[in-house]
Amino acid sequence: MRMMLFSSRPYDVESFRSAQAEGAQAGFGAIELAFNEFRLDERTAKLAEGVQVVCPFVNDGVNAAVIERLAAGGTRLLALRSAGYNHVDVAAAARAGIVVVRVPAYSPYAVAEHAVGMILTLNRRLHRANNRTREGDFSLNGLLGFDLHGKTVGVVGTGTIGRVFARIMASFGTTVLAYDPFEHPEIAALGGRYVSLDTLLASADIVSLHCPLMPSTRHLIRESSLASMKPGAMLINTSRGGLVDSLAVIDALKSGQLGHLGLDVYEEEGPLYFEDHSDELLLDDVLARLLTFPNVLITAHQAFFTREALAQIAATTLSNALAWQRGAPCNVVEPDA
Ligand code: NAI
């Protein structure tokens, strides 16, 4: 079986090769791997002609046209090396007879710990303090933070990642409020409780997003939700960029209604993220504006990026492909999911 990766980077090559070596007994070595640095799109899809399994990453726009081209070339499986699948037209894949599988959980710790890292950095201005001391500036003006202990943290989406995040934040002595259509008993066990989204936004000092991007969650954080948040609250998004209306957060930052913003994901990240554009002009005016705020911290979709997560992503992706070939359960994304 041949598997072709798109948008692959040296760390993908390394993690997939290591997974093949370590999973020799599971038969991982039988999968012939091809790595492409470029993205999967309508133009590049033809390179997968005769390749049964195609493995895109999160900013490959796998739309109906790409899927039709892949199907015409003989691709039968889209093995996503991500948990999120909002970049794939799953219904179009079903129509084309292509199965979509994903990596439902690799390291929830990676993403949850990154969200916590963003909170600590923004609160204590570590990003600014680091720059200052390197310039010989040892003053403290402008670096005043707050104790996390005793604060209220709102967790939107208490799936695998949201619950790890809630666990870590509870250990800081915060009160955890959660919002999720499906309640999980762990939140009560942590001393937290489920409330409506409105109550969560109105009560939390820190709001962290851990729900998927779907038509119903697009711009979950918009002008009205920002207005209902506690003045000066902190918003963290390590989930998907489309959950947050970027123009609305710029207004909320300018008015001071939003006190701190941590974004690992950005709604227009597609053309920029995972590549070095440091020699070019930044043409995205919204991102450029966000980068001017001292109380905004932006990382380039790196929350997943730990050794453990990469190893798990590679192992699960290879194992999904083999299980699919055998007709065994393989983390299929259902068309109406
Ligand atoms: P999960 O599927 O375990 O949990 C998602 C939770 O969100 C579920 O409990 C679900 O009921 C809940 N949910 C659905 N609709 C909701 C709504 N309208 N409001 C509140 N909650 C809602 O997913 P997991 O593994 O915890 O991942 C969460 C998200 O994190 C993924 O959808 C993905 O977009 C993002 N992610 C980001 C990464 C990064 O590197 N920045 C890496 C991995 C995932």
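**Entry 1: the model**

I am working with a predicted model.

**Entry 2: the annotated domains**

The unreviewed entry places "domain: D-isomer specific 2-hydroxyacid dehydrogenase catalytic" at residues 6–331. I checked that span in the model. Its end C-alpha atoms lie 20 Å apart. The span is 37% helix and 13% strand.

The unreviewed entry also gives "domain: D-isomer specific 2-hydroxyacid dehydrogenase NAD-binding" for residues 116–303. Here the end C-alpha atoms lie 10 Å apart. I noted 34% helix and 16% strand for residues 116–303.

**Entry 3: aromatic pairs**

How many aromatic pairs does a search of the whole structure find? I got five. I followed up tyrosine 11 and phenylalanine 305, whose ring centres are 4.6 Å apart. The ring planes stand at 65°, so I wrote this pair down as edge-to-face. The cut-off for that label is over 60 degrees.

Where do the two residues of the pair sit in the chain? Tyrosine 11 is in helix 1 (residues 10–22). Phenylalanine 305 is in the loop between strand 12 (296–298) and helix 12 (307–326). The pair links distant parts of the chain, 294 residues apart.

**Entry 4: helix 1 and helix 12**

Next I looked at helix 1 against helix 12. I recalled that two packed helices are described by the angle between their axes and the distance between the axes. The axes of helix 1 and helix 12 come within 8 Å and cross at roughly 60°. That angle makes helix 1 oblique to helix 12. Their crossing is right-handed.

Which residues meet here? From helix 1, I listed Tyr11, Ser15, Phe16, Ala19 and Gln20. From helix 12, I listed Leu310, Ala314, Ala315, Thr317 and Leu318. I sorted the residues of this contact by class: seven are nonpolar, three are polar and none is charged.

**Entry 5: helix 4 and helix 6**

I then turned to helix 4 (residues 108–124) and helix 6 (residues 160–171). Their axes come within 8 Å and cross at roughly 45°. Helix 4 and helix 6 are therefore oblique to each other. The crossing of helix 4 and helix 6 is right-handed.

On the helix 4 side, the contact includes Pro108, Tyr109, Val111 and Glu113. On the helix 6 side, Thr160, Ile161, Phe165 and Arg167 are among the residues. By class, I noted twelve nonpolar, one polar and two charged residues for the contact of helix 4 with helix 6.

Notes: Residues are numbered from 1 along each chain as its sequence is written. This is a predicted model: local features need pLDDT of at least 70, side-chain atom pairs count only at pLDDT 80 or more; totals for chains, interfaces and linings use all residues. Side-chain values use heavy atoms; hydrogens and water are left out. Axes are lines fitted to C-alpha atoms, for helices over the stretch in contact, and angles run from 0 to 180 degrees between N-to-C directions. Helices (H or I, at least four residues) and strands (E, at least two) are DSSP runs, numbered from the N terminus. Angles under 35 degrees count as roughly parallel, over 145 as roughly antiparallel, 65 to 115 as roughly perpendicular and the rest as oblique. A crossing is left-handed if the near helix is turned anticlockwise from the far one by less than a right angle, and right-handed if clockwise. Contact means heavy atoms within 4.5 Å. Ala, Val, Leu, Ile, Met, Phe, Trp, Tyr, Cys and Pro count as nonpolar, Asp, Glu, Lys and Arg as charged, and the others, Gly among them, as polar. UniProt positions are given in the numbering used here, feature names are shortened, and annotations may be inferred rather than shown by experiment. Rings of Phe, Tyr and Trp (its six-membered ring) pair if their centres lie within 6.5 Å; planes under 30 degrees apart count as stacked, over 60 as edge-to-face and the rest as tilted.
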